[in-house]
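Visitor: I am new to this structure and would like to learn how to read it. Could you show it to me and let me ask about its features one at a time?

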Amino acid sequence: MRANDVLGIIQAQDYENAAPELTSVRTMASVPFGCRYRFIDFPLSTMVNAGITQIGIITKDNYQSLMDHVGSGKPWDLARKREGMFLLPPYNIMQGAGSLSRNTWLESLFSIMHFLQKARQEYVCIADTNTVYNFDFNDIFDFHTEKEADITIVYKHGPLPKANNMVVLDINDDARITDCSVVDSAAGEVDYCFNIFVMRKTLLLNLLTTAMAHGATSFFKDIIQAHVGDMKIVGYEATGFAEMIDSLKTYYAVNMSLLNPENRESLFRKDNPIITKISDNVPATYGPECKVVNSLVADGCVIEGEVANSLLFRGVTVEKGAVVKNCILMQGTIVHSGAVLDSVIGDKNVTITNSRTLTGDPNFPIYITKNIQV
């Protein structure tokens with residue numbers, strides 16, 4: 001299997017209930033991460049780096065920020081006359097007397113059947129956007145070919161994330177998945193689905209058509225679980241820095257883990273760069289009396305106060321006399337003089353007024369909604 005014979009499909013809006021605070025004004029795909037990135041950047045960049053030349057992004061609603069970020073796909077070299085990047089906007093397909101709500105993977109994939117049928121590629125790689133990772137998809141494609149698999153599922157071993165309808169896998173010594181179950185919780189460490197799938201396009205089309213004809217509603221239960229016994233479904237383990245966002249707490253923790261240089265090097269690899277929208281900002285400006293310790297500071301920031309163990313996105317201002325500790329402050333946030341923030345997530349364009357004190361906890365960070373003045 002060659003990467004240029006693989007069609008990329010990215011689900012932009014699944015698992016939004018995991019972190020509703022962050023997705024009330026945007027899709028999961030366009031949630032900011034790591035000072036300058038969005039979640040969409042990770043599957044999109046990983047697919048492009050592998051050599052995939054046609055990628056469809058399935059949307060549903062609330063996707064203005066996603067369109068603003070990806071644009072024509074130029075930063076990822078996907079603004080092409082042929083193939084390239086396609087935003088697949090929401091629409092309903094009538095089936096019998098009903099209308100698809102597109103609330104599930106199965107419905108959303110069925111709604112893009114025409115796009116799948118027109119694509120020239122023989123294989124399909126489907127990925128979600130509530131995950132952060134950076135590994136070579138060509139290794140997955142080689143694994144799929146070597147195992148002569150019908151479906152390859154990328155999984156991770158560890159504690160089960162707390163998102164709803166998680167898929168736990170039973171995998172034998174030959175990497176074959178012998179059983180799977182859809183659960184909301186599990187004790188100890190398990191092998192759970194990392195929401196990346198590889199299969200032939202014709203197989204996917206047949207499975208979708210059959211499933212919808214029988215009134216199926218779940219991609220995982222009615223396709224994956226239903227065919228564990230009669231298809232060769234194998235598991236490929238995600239290693240290195242690979243995290244799933246299942247709550248605001250996890251979002252905070254995964255962001256803060258980037259303060260560890262080993263995690264940054266594992267995620268932002270020079271040989272497999274994570275690409276994002278280009279923004280022409282001036283370098284960060286540091287005042288003569290500022291103090292910055294163990295923090296990531298993006299371009300365009302103005303730091304005159306104290307910043308420690310924090311991530312500051314583009315254009316954040318910390319005035320003289322302000323203190324920011326253990327915080328994630330998104331683009332355009334202003335912290336005025338005398339304010340003290342600890343364990344706070346500030347969304348875009350938040351204003352913290354003079355002498356305001358906000359103190360959260362790493363397990364319960366305070367979240368401030370976009371465009372709010374406190």
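Visitor: Which residues of α7 are buried?

Guide: Before we start, please keep in mind that this is a predicted model. In α7, the buried residues are Lys201, Leu203, Leu204, Leu205, Leu207, Leu208, Ala211 and Met212.

Visitor: How many residues does helix α7 have, and how far does it reach from its first C-alpha to its last?

Guide: Helix α7 covers residues 201-213, which is 13 residues, and it reaches 18 Å from end to end. That is close to the 18 Å expected at 1.5 Å a residue. After α7 comes glycine 215, with a positive phi near 75°.

Visitor: Let us turn to strands. How should I think about the two sides of one?

Guide: In a regular strand, side chains alternate between the two faces of the sheet. Take strand β4, residues 54-58, where five of the five residues are buried. Gln54, Gly56 and Ile58 lie on one side, Ile55 and Ile57 lie on the other, and both faces are covered.

Visitor: Which strands pair with β4, and in what sense?

Guide: Strand β1, residues 6-11, pairs with β4 in the parallel sense over four bridges. Glycine 8, for instance, has isoleucine 55 of β4 as its bridge partner. Strand β5, residues 84-88, also pairs with β4 in the parallel sense, over five bridges. There, isoleucine 58 stands opposite leucine 88 of β5.

Visitor: Now the aromatic rings, please. How do I describe a pair of them?

Guide: A pair of aromatic rings is described by the distance of the centres and the angle of the planes. This structure has 19 aromatic pairs. In one of them, phenylalanine 33 and phenylalanine 42 sit 5.7 Å apart, centre to centre, with 80° between the planes, which makes the pair edge-to-face.

Visitor: Are phenylalanine 33 and phenylalanine 42 buried or exposed?

Guide: Phenylalanine 33 is buried, at a relative accessible area of 0%. Phenylalanine 42 is buried as well, and its value is also 0%.

Visitor: What about charged side chains?

Guide: Side chains of opposite charge can pair when their charged atoms come close. A search of the whole structure gives eight salt bridges. One of them joins arginine 80 and aspartate 77, at 3.4 Å from N to O. Arginine 80 is partly exposed, at 38%, while aspartate 77 is exposed, at 52%.

Visitor: Where in the chain are arginine 200 and glutamate 122?

Guide: The side chains of arginine 200 and glutamate 122 meet in a salt bridge, 1.8 Å from N to O. This pair links distant parts of the chain: arginine 200 is in strand β13 (residues 189-200), and glutamate 122 is in the loop between α5 (113-118) and β8 (123-127), 78 residues apart. Arginine 200 counts as partly exposed, with 36% relative accessibility. Glutamate 122 is partly exposed too, with 35%.

Visitor: Which parts of the chain does the pair of lysine 147 and aspartate 174 tie together?

Guide: Their side chains form a salt bridge of 3.1 Å, N to O. Lysine 147 lies in the loop between α6 (137-146) and β10 (151-159), and aspartate 174 lies in the loop between β11 (166-171) and β12 (177-183), so the pair ties together parts 27 residues apart in sequence. Lysine 147 counts as buried, at 15% relative accessibility, whereas aspartate 174 is partly exposed, at 42%.

Visitor: How many disulfides does the count give?

Guide: The count comes to zero disulfides. Cysteine 35 is in none, and its nearest cysteine sulfur, in cysteine 301, is 7.6 Å away. Cysteine 35 counts as buried, at 6% relative accessibility.

Definitions and conventions:
Residues numbered from 1 in each chain as written. Predicted model: local features only at pLDDT ≥ 70, side-chain atom pairs only at ≥ 80, totals over all residues. Heavy atoms only, no water. Phe/Tyr/Trp six-rings, centres within 6.5 Å; stacked < 30°, edge-to-face > 60°. Buried < 20%, exposed > 50% of the residue type's maximum accessible area, 1.4 Å probe, protein only. Salt bridge = Lys/Arg side-chain N within 4 Å of Asp/Glu carboxyl O. Helix = DSSP H or I, 4+ residues; strand = E, 2+ residues; numbered from the N terminus. Expected span 1.5 Å × (residues − 1). Disulfide = S-S within 2.5 Å. Pairing = 2+ DSSP bridges.
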